[in-house]
Amino acid sequence: MIKKEIGVLLIVLTLFSCNQREAQPIVISPEDYHNSVDKITEIMIHDIFSPPVASRIFAYPNIAAYEIIAQNNPSYVSLATQLTDFTEIPQPDASLPINYTLAALIAHMDLGKKLIFSEQDIEVYQDSLYTRWNAQNAPEFRASKDYGLQVANHVAEWMNADNYNQTRTMPKFTVDTKDPSRWQPTPPAYMPGIEPHWNKIRPFVIDSAAQFKPAPPPAFSMEKGSDFHKELLEVYDISIEITKKGDSSEEVAIAQFWDCNPYVSVTRGHLMFATKKITPGAHWIGITKIACRKTNSDFDKTVFAYTKTSIAIADAFISCWDEKYRSNLIRPETLINQYIDEDWKPVLQTPPFPEYTSGHSVVSGAASVALTDIFGDNFSFDDDTEVAYDLPIRSFSSFTQAADEAAISRMYGGIHYRAAVDIGVKQGRDLGKFVVANLKMKTEETLASN
């Protein structure tokens with residue numbers, strides 16, 4: 001009899017203990033969000049998305065997560081009506097035990113899954129988290145998941161009207177072989193120009209793709225002494241000078257660090273394959289993570305930083321690609337091989353789209369302005385973003401310095417003329433300042449306290 005009573009008591013205590021564990025709130029940390037961003041980035045690298053498309057994949061999931069934290073944190077302001085055609089997200093049911101950080105993370109993962117190809121890879125990651133959270137606190141998990149998915153679907157509906165799907169069916173870029181100034185496909189893969197219709201993608205904050213239309217490049221001329229010919233020779237001369245230094249070349253190290261070419265073609269005999277890397281936008285998303293970690297940013301500020309930066313990057317690509325296919329300028333590699341040195345190769349592989357302006361320069365300028373607005377000027381950091389690609393850490397005294405180095409890296413790499421770099425980084429900074437000035441993401445009280 002006594003043994004039976006003890007047994008019943010143990011069962012009761014076990015059930016009580018389980019119930020106690022289930023009642024514990026689910027704690028979501030900034031690292032959980034970093035991990036979600038990293039996972040989507042990892043899959044993007046595997047799936048090989050072009051730089052402009054990758055910027056779109058970063059922006060929408062962050063916006064979905066941000067809108068959820070803005071519902072629960074009075075320091076942040078909704079982006080509804082601030083972003084083009086974006087309407088208010090569904091309101092949460094106050095009677096339900098919604099964990100807003102959890103809902104934001106779920107929305108980020110779910111929308112990311114809608115934007116990549118290898119959905120099964122993120123589903124495995126997602127399901128492992130869902131199992132843990134459900135075991136920890138089922139009511140809180142279910143309420144948070146339902147709300148996160150509801151917001152993700154709302155953002156997805158808005159996303160699907162940004163003209164991306166329509167551009168998938170538009171004509172491929174036609175190469176003009178009669179005009180010597182026009183872009184030509186470059187070795188080794190001679191790929192066609194990517195995303196020639198990206199200027200038709202709906203912008204997030206800027207008024208139109210052409211709002212920050214830069215001054216035109218120097219007039220094409222192969223006449224010695226012309227501005228254009230001087231810029232062409234400068235690319236060639238710099239390349240010869242820095243490659244003579246061999247492994248000790250700081251300029252070559254800078255070029256390789258900021259390469260960020262998601263598809264580098266490699267030829268081995270009759271075999272051609274690709275080495276995969278992050279895109280320029282992904283590099284700056286990585287810098288955002290570094291800044292958040294250095295400042296011990298909480299979950300909400302982490303989401304805020306990713307969102308603001310990714311929006312600036314996305315609009316920068318729209319602006320840059322608008323100019324690329326307007327000026328349609330030929331790359332240095334093509335002209336140097338034709339007129340100067342047929343055996344010359346740039347330090348970096350020339351990417352498959354027109355030269356002007358430099359995409360990395362524009363994007364770096366925009367991202368650096370957004371990050372400076374968030375974390376302040378003279379923000380020093382160690383950039384370990386490229387360690388995964390066997391490149392050493394580089395240190396910077398500010399986001400501005402990093403952007404300047406990213407821009408000049410394109411000349412060191414032999415893939416851009418000086419005008420594309422100098423005017424490109426200005427184009428990006430002007431755009432970034434506009435985004436910062438017109439995107440009100442913090443309340444006046446929060447701004448005053450910063």
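**Reading loops, a pocket and a helix pair**

Author: Proline 188 sits in the loop between H7 and helix H8 (227-244). Keep in mind that this is a predicted model.

Reader: Is glutamate 195 buried or exposed?

Author: Read the relative accessible area: under 20% counts as buried. Glutamate 195 has 14%, so it is buried.

Reader: Where is asparagine 378, and what is its phi?

Author: Asparagine 378 is in the loop between H13 and strand S3 (381-383). Its phi is positive, about 55 degrees, although asparagine 378 is not a glycine.

Reader: Is asparagine 378 buried or exposed?

Author: Here the cut-off for exposed is over 50%. Asparagine 378 has a relative accessible area of 63%, so it is exposed.

Reader: How should I read a pocket, and what is the volume of the largest pocket?

Author: Rolling a probe the size of a water molecule over the atoms shows where empty space is left. In this model the largest pocket has a volume of about 700 Å³.

Reader: How many residues line the largest pocket, and which lie nearest its centre?

Author: The lining has 40 residues, and Ser50, Met191, Gly193, Ile194 and Glu195 lie nearest the centre. Glu195 is the buried residue discussed above.

Reader: Which helices each supply at least two residues of that lining?

Author: They are helix H3 (51-72), helix H7 (164-167), helix H11 (299-327) and helix H13 (359-375). By residue class, the lining divides into 24 nonpolar, 10 polar and 6 charged.

Reader: Last, how do I read a helix pair, and at what angle do the axes of H4 and H5 cross?

Author: Two packed helices are described by the angle between their axes and the distance between the axes. The axes of helix H4 (residues 100-115) and helix H5 (residues 119-136) come within 10 Å and cross at roughly 160 degrees. An angle over 145 degrees counts as roughly antiparallel, so H4 is roughly antiparallel to H5. The crossing of H4 and H5 is left-handed.

Definitions and conventions
Residues numbered from 1 in each chain as written. Predicted model: local features only at pLDDT ≥ 70, side-chain atom pairs only at ≥ 80, totals over all residues. Heavy atoms only, no water. 1 Å grid on protein atoms, 1.4 Å probe; cavity = no way out; pocket = protein on both sides within 12 Å on 5 of 7 lines; lining within 4 Å. Points joined across faces, edges and corners; volume = space filled by probe spheres on them. Helix = DSSP H or I, 4+ residues; strand = E, 2+ residues; numbered from the N terminus. Nonpolar A, V, L, I, M, F, W, Y, C, P; charged D, E, K, R; others polar. Buried < 20%, exposed > 50% of the residue type's maximum accessible area, 1.4 Å probe, protein only. Axes fitted to C-alpha atoms, helices over the stretch in contact; angles between N-to-C directions. Parallel < 35°, antiparallel > 145°, perpendicular 65-115°, else oblique. Left-handed = near helix turned anticlockwise from the far one by under 90°.
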